[in-house]
Structure formats: C-alpha cells, structure tokens
Amino acid sequence: MAVTLTESAAKQIQQQLTLRGKGLGLKLGVKPSGCSGFAYTIDYADTEEANVDIYESCGVKVFVSNDDVNTLDGLVLDYAKEGINEAFKFNNPNVKGTCGCGESFSV
C-alpha cells in the first residue's frame, strides 16, 4: 500500500510550496505524543534523505521515514474547509483508537 493525497490536499500542499518558494514535497511522520500514543507530524521536504519512502499522489511527493511506514501505510490525507475552519484530515486504517481530544492515536 502507500500514502495517498486527495486532490484537495495535493492542491493545498502545492500552494504552500509555491508560497514558500522551495521544497520537494511533504514530509509526513508520527511522533510519540498524548495519552493514546502517537501524533502526526507534517513538514516540508527540502532534500531526499536516506531511509525514506517517497510516494507520489496527485502530482505531489510525500516523504515518509522507514520508521513510520507501517504506522502510516494506507493513510489518505485530505484537506477540508468547514465553515471558518480548514485543516488536514488523516484517514488512517491502522488507527485502533484516539484520545478524547483527538490529538493522539493508537495503532
């Protein structure tokens, strides 16, 4: 499987990379956090590093550390606007539970 982007997420990432003026794509990962275990991390990928899997979806590259591939395998990243709020939405089939505030998850 892989990490994929919806068209809305890809468009938002492209816009941010353009505004930033540099970057190869999106760096996506997880870190230990919260009461459930993990939280997502998002950053820009400026270089191709060793031990990273690269997925391309809707014309955008997504960089995932080999350490995080199993946790993120099958993830679909969306970007949604709901009223005045807009944010990335993580649809991860590996998630078994989330904390009450929604900030962390377990696999």
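Tutor: Let us begin with D46 and R20, whose side chains meet in a salt bridge at 2.6 Å, N to O. A salt bridge is a side-chain nitrogen of Lys or Arg within 4 Å of a carboxyl oxygen of Asp or Glu. The model is predicted: local features need pLDDT of at least 70, side-chain atom pairs count only at pLDDT 80 or more, and totals for chains, interfaces and linings use all residues. Residues are numbered from 1 along each chain as its sequence is written, and side-chain values use heavy atoms, with hydrogens and water left out.

Student: How many residues apart in sequence are the parts that D46 and R20 tie together?

Tutor: R20 belongs to helix α1 (residues 7-20), while D46 lies in the loop between β3 (37-45) and β4 (52-57). Helices (H or I, at least four residues) and strands (E, at least two) are DSSP runs, numbered from the N terminus. The pair therefore ties together parts separated in sequence by 26 residues.

Student: Is E48, which pairs with K61, buried or exposed?

Tutor: The salt bridge between K61 and E48 spans 3.9 Å, N to O. Buried means under 20% relative accessible area, exposed over 50%, and partly exposed in between (1.4 Å probe, protein chains only). K61, at 30%, is partly exposed. E48 has a relative accessibility of 53%, so the term for E48 is exposed.

Student: Which residue meets E82 in a salt bridge?

Tutor: The N to O distance of this salt bridge is 4.0 Å.
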